[in-house]
Amino acid sequence: MRALLAEGAMALAVAPEANLSSGGAAGSPTGPLWWVSQCHGVWYSLAVMLPSLAFVGFLAWQARRSFRRLSYGRSHVVVVAYYALLWAVAVLNLLWCFLQAWQCMSDRAFSWNVLSLFTKSGMLFLEVSLIAFLLQGNDASGFESLARTFVISGAVVAADVLLKTIYVFGFGVPLFIDADQGTGGKWGLWILHKLVLTGVYGLIVFMHHSRWRDRLPAKPAYYNYVCAMLLLNGLSLLGCFLVASGAGFGLWLYNVTTVCYHSLYLPLLYVTFLADFFQEEDMLLENVYYSEMKDAGFFDADWD
């Protein structure tokens, strides 16, 4: 009897690890929301799902009005392109947030790597292109600015995608699996990635407080955006260093920055770059509507 009880206790202790190693196939569908508690747990999943879902819902709610504003003849071609890219990346990010359970499923490893590669590359493209476009100033025309921005961003993102593809599909490095500490090669690449971004944002902040300040756009919202991204990438870089050094706290810190990036970056980008444009377009459209109604004689009775 004691032997049977001992064997039962050992089976209960080993069961969670066995389920994880088997990709969650053995005990995955335990409820209607089993995929929320898979891999990272409920709080992590909700922290990335709810803000991303709310932002896509906000874009959908504003879609008709935004399309009317963008279709107005005065709309800048760069803003139209960024709004379309923002929609595409927001949908990809929403899928990434809702499919977190794929990280711990061995049969979904390829699909998760492809989804993560497209999602992170799209967000990086927006991140790099925003910096590249704003640093050009207001001298270039719309098409020239768009072409230069896309060339710079495309070159950076293409190199990043090529390197990550070689790591993930060539060497088999679990680059997009954040459920465990993984290998040293994985964190070495993330350290390089975060170090470059932190250096770029740090350089911009330094220029803002130096004699080269006039070369930057005089936009307080842009400076606040750069400071926020510098803080986020700096903390993520610290987390990568700690994980590479074997500190368990580093993985927690890295996951916190990942949650913040995937849940808050796109709304921050919208507020920084597109919100002012849409507000200005609203005022212009109201003036146009007022002029058309005035020409049609709607306000003639007020003068009588």
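Predicted model: local features only at pLDDT ≥ 70, side-chain atom pairs only at ≥ 80, totals over all residues.
Residues are numbered from 1 along each chain as its sequence is written, and side-chain values use heavy atoms, with hydrogens and water left out.

Of the 304 residues in the protein, 40% are buried (under 20% relative accessible area; exposed means over 50%, and partly exposed lies in between, with a 1.4 Å probe and protein chains only). The accessible surface comes to about 16600 Å², and carbon and sulfur atoms hold 68% of this area, as computed by the Shrake-Rupley method with a 1.4 Å probe. Among contacts (heavy atoms within 4.5 Å) with a separation of 6 or more, 73% join residues 24 or more positions apart.

Helix α4 spans residues 63-70 and has S66, R69 and L70 buried. These residues lie on the same side of α4, because they cover an arc of only 95° around the axis, taken from the directions from the helix axis to the C-beta atoms. The exposed residues R64 and F67 are carried by the face turned away from that buried side.

| Residue | Helix | Relative accessible area |
|---|---|---|
| S52 | α3 (residues 42-61) | 4% |
| K164 | α7 (residues 142-170) | 5% |
| D160 | α7 (residues 142-170) | 12% |

Beyond its neighbours within four places in sequence, S52 is in contact with N93, L94, C97 and H262.

The structure holds 1 salt bridge, defined as a side-chain nitrogen of Lys or Arg within 4 Å of a carboxyl oxygen of Asp or Glu. K164 forms this bridge with D160, and the closest N and O atoms are 3.0 Å apart. The two residues are 4 residues apart in α7, about one turn of the helix.

The whole structure contains 16 aromatic pairs, counted where ring centres of Phe, Tyr and Trp (its six-membered ring) lie within 6.5 Å. One aromatic cluster is formed by F55, F58, W61 and Y270.

Technical notes
Phe/Tyr/Trp six-rings, centres within 6.5 Å; stacked < 30°, edge-to-face > 60°.
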